[in-house]
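Me: I have a model open here and would like to go through it with you. Could you keep the answers plain and tell me what each term stands for?

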Amino acid sequence: MTPYEQLFENNRRWAEGVSRLALLLFLTGCAAQPALWGHAGYAQSSPVTARHFPGTASLGQQAVDVDFEAPTPQRAEELRQSGVQLPRVSPGMADPRAHRDFVELRVTAVGFGITAGGYLLYCEGLPLPVLVPESHVDLGLTSAEPLNAFIYPDRDTALAGMAANVPSSRHPRYAYYRGAGGALLVPTLFSPATTPRIAQTMLEVRTHLAQTAQRELKVLLLTLTGTRVLQGVFSRVVRVSAKPTLRPLAPKEARGGELPVPRQPVTRAAAPAAEPVSAPAAPAPAPASPAPSPGLVRALTGNNPTPPVAASPRLPQDVAVNPKVPDARKVNRPIGSSPSQNAQVRTDVQYLQDIGASNIRVNQQQITVRNSQRVGTNRPDLQFDYNGRRYHVEYDTPTSGRGPGHQSRITSNDPDADIILLIVP
């Protein structure tokens, strides 16, 4: 072979290698693209979802984390008839428990309902808690086997698949399906055998509810099998521990190290009490006045009943607001047309004044701690400073459902603030 022929052959091989590399990069991009489509249309009908992780690139290439989903035989046949041949993967790679949408990996807190007959699952990425009926829970089941690794589109389909398969062993069976409108991957039964962390937290929250008498907290819920909004009543919410072990919940002190103790009134004929009060207590209200909101009192002792939410992008009007802090207005102004809510706010304001809270504002635009700046055009019902923290309180009715939206906006404007959602009929 002459030198010219050798040079030509080298150039041809180089061009062929570049073409193959370009094809490989194109296919890699196609594999990652469906992550942008979301769960509603893609995750229920395809065996693979992919996610990019900025900052994890190696040697100039971006790392890709892939979730494999095993479709049901019916879905696989539909794809085959459409000309889509699914790749074969090992059973371990398609384990639903390793999927990032598996409920055990997304849950952050659990609540127990005393009148709605179910549990609340607060999950990362969902604006509202998910309702799990007690009929979907068996806290005594410690041994069970998955029917298969298939992910059914809904609970009814999963139960039908279980009924069509005769069990080969005496162990209880369960299946996986897409719940909460497709946002979560859940088993047909919550138990220590299927979701150990969630099951242990369910036991813990029931134990604490039985040991304490708490005022009911009404919230709006999502059903587990869809996106329809329901109303429920719940009294206790417990954080899910990082390890699958039960942990005792010790009473928490306030952030400043002291409990919110009201100041003792001083008169000309009597001096202040010499010994400090050792437990939080609300000032004695008038006979016809409501007591201070229990949720407010709990929050100021470091046990806020309202779980925090992640900050979302701020609204344009909040970003463009003038940071100059407006003058404070009278704290006895109403927050709405509800007489009971207005009366409750006045009682809570009196309680806050008695325990030494400052910078109290009612129905005014949102500001940060110590009057640092105005951060939004929204008007929290009640806001104040206590022990170096900024608190915002929203009073909601059992049916309005506006509290979570208000909490999200307040958090976006000031991620360091504490938000307390209260239900006042």
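Me: To start, how many helices and strands are there in the protein?

Reply: The protein has ten helices and 14 strands, where helices (H or I, at least four residues) and strands (E, at least two) are DSSP runs numbered from the N terminus. This is a predicted model, in which local features need pLDDT of at least 70 and side-chain atom pairs count only at pLDDT 80 or more, while totals for chains, interfaces and linings use all residues. Residues are numbered from 1 along each chain as its sequence is written, and side-chain values use heavy atoms, with hydrogens and water left out.

Me: What share of the residues counts as buried?

Reply: Of the 425 residues, 41% count as buried, which here is under 20% relative accessible area, with exposed being over 50% and partly exposed in between (1.4 Å probe, protein chains only).

Me: And what percentage of the contacts between residues at least 6 apart join residues at least 24 apart?

Reply: That figure is 63% for contacts between residues at least 6 apart in sequence, a contact being heavy atoms within 4.5 Å.

Me: Let's look at threonine 188. Is it buried or exposed?

Reply: Threonine 188 is buried, because its relative accessible area is 4%. Threonine 188 sits in the loop between strand 8 (184-187) and helix 6 (196-211), and, leaving aside residues up to four places away in sequence, it touches His136, Arg155, Ala158, Leu159, Met162, Tyr174, Ala175 and Tyr177.

Me: How far is its C-alpha from that of histidine 136?

Reply: The two C-alpha atoms are separated by 6.8 Å, although threonine 188 and histidine 136 are 52 residues apart along the chain.

Me: Changing topic, how many salt bridges does the count come to?

Reply: The count comes to seven salt bridges, each being a side-chain nitrogen of Lys or Arg within 4 Å of a carboxyl oxygen of Asp or Glu. One of them joins the side chains of aspartate 95 and arginine 97, at 3.0 Å from N to O; aspartate 95 is partly exposed at 22% relative accessibility, and arginine 97 is partly exposed at 45%.

Me: Which salt bridge does glutamate 145 form, and with what N to O distance?

Reply: Glutamate 145 pairs with arginine 173, and their closest N and O atoms are 3.7 Å apart. Glutamate 145 is partly exposed, with a relative accessible area of 28%, and arginine 173 is partly exposed at 23%.

Me: Which residues are joined into one network?

Reply: Salt bridges that share partners join Asp101, Arg106 and Arg178 into one network. Within it, the side chains of aspartate 101 and arginine 106 meet at 3.0 Å from N to O, and both of these residues are buried.

Me: What about aspartate 381, and which side chain of opposite charge is nearest?

Reply: Aspartate 381 is buried yet has no salt bridge, and the nearest side chain of opposite charge is that of arginine 402, 7.3 Å away; for this, Lys and Arg count as positive and Asp and Glu as negative, with His and the chain ends not counted. Aspartate 381 lies in the loop between strand 11 (358-362) and strand 12 (382-386).

Me: Last one: what do the buried residues of helix 10 pack against?

Reply: They pack against helix 8 (316-319), strand 13 (389-396) and strand 14 (418-423), and the buried residues of helix 10 (residues 403-413) are Gly403, Gln407, Ile410, Thr411, Ser412 and Asn413.
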